[in-house]
Amino acid sequence: FALVLGVYWPTLEADFLHWDDDINVFDNPNVQGLTIANLKWMFTDFEQAIRYKAFAWLGWAIVHELFGLNPFGYHLANVFLHTINTWLVFFLCLRLVVGDDDKKATTAAAVAALLFALHPLRVEPVAWVTGLPYHIALMFVLGSLIFYLKTDPNRSGFQQRSYWLAVVMYLLAVMTY
């Protein structure tokens with residue numbers, strides 16, 4: 001967490017951009033609060049973004065509830081979600097690494113998570129307010145993969161809780177972006 005925060009700390013001082021942040025957040029009254037009307041719009045809108053992204057709208061509305069239209073809160077949410085995704089990448093890689101040496105597996109997973117956390121391709125979604133849906137959707141996809149890898153291949157997936165959790169997490173990712 002400290003490393004991610006240290007690298008992305010300058011983004012917390014950034015402002016909104018007039019490049020989708022206006023359409024999605026600061027000029028969009030439908031995400032400025034968790035009202036019944038806004039929630040109805042979030043889960044029924046198909047026109048604002050050319051795709052269905054109910055949980056993206058919900059994410060921005062929750063940040064708005066906590067921080068208002070202060071860009072700091074939106075950037076903080078992106079850094080926080082990127083940190084969560086870094087941990088999920090670590091746990092996913094730990095699950096994928098096969099071997100008898102726990103120390104080597106943990107080291108390999110940590111290096112992979114570190115590369116994910118600090119890779120230059122991660123800068124845009126962390127530094128851009130409109131990048132929030134990418135973090136939320138990735139969080140659900142990574143969770144889905146982790147649950148899926150916990151399923152027992154010798155049993156029917158339909159009878160396993162981890163299988164259904166993987167399906168639900170995947171559907172949440174689809175409903176985010």
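The largest pocket of this predicted model is lined by 14 residues, and those lying nearest its centre are Ile62, Val63, Ala77, Phe80 and Leu81. A pocket here is an open set of points on a 1 Å grid over the protein atoms alone, where a 1.4 Å probe fits, with protein on both sides within 12 Å along at least five of seven lines, and lining residues have an atom within 4 Å of a point. About 250 Å³ of space lies in this pocket, and its lining comprises 12 nonpolar, two polar and no charged residues. At least two lining residues come from each of H4, helix H5 (71-96) and H8.

Residues are numbered from 1 along each chain as its sequence is written. Local features need pLDDT of at least 70 and side-chain atom pairs count only at pLDDT 80 or more, while totals for chains, interfaces and linings use all residues, and side-chain values use heavy atoms, with hydrogens and water left out.

The chain as a whole has nine helices and zero strands, helices being DSSP runs (H or I) of at least four residues and strands (E) of at least two. Its C-alpha atoms fill a box of roughly 55 × 40 × 25 Å along the principal axes.

Two of the helices that supply the pocket lining also meet each other: the axes of H4 (residues 54-67) and H8 (residues 132-149) come within 9 Å and cross at roughly 120°, where angles run from 0 to 180 degrees between N-to-C directions. Phe55, Ala56, Gly59 and Trp60 in H4 are in contact with Leu132, Pro133 and Ile136 in H8, contact meaning heavy atoms within 4.5 Å. Of the residues in this contact, six are nonpolar, one is polar and none is charged.

The structure also holds 14 aromatic pairs, with ring centres within 6.5 Å and planes counted as stacked under 30 degrees, edge-to-face over 60 and tilted otherwise. The rings of tryptophan 41 and tryptophan 57 have centres 4.8 Å apart and planes at 55°, so this pair is tilted. It links tryptophan 41 in helix H3 (residues 36-44) with tryptophan 57 in helix H4, 16 residues apart.

Conventions:
Nonpolar A, V, L, I, M, F, W, Y, C, P; charged D, E, K, R; others polar. Points joined across faces, edges and corners; volume = space filled by probe spheres on them. Phe/Tyr/Trp six-rings, centres within 6.5 Å; stacked < 30°, edge-to-face > 60°.
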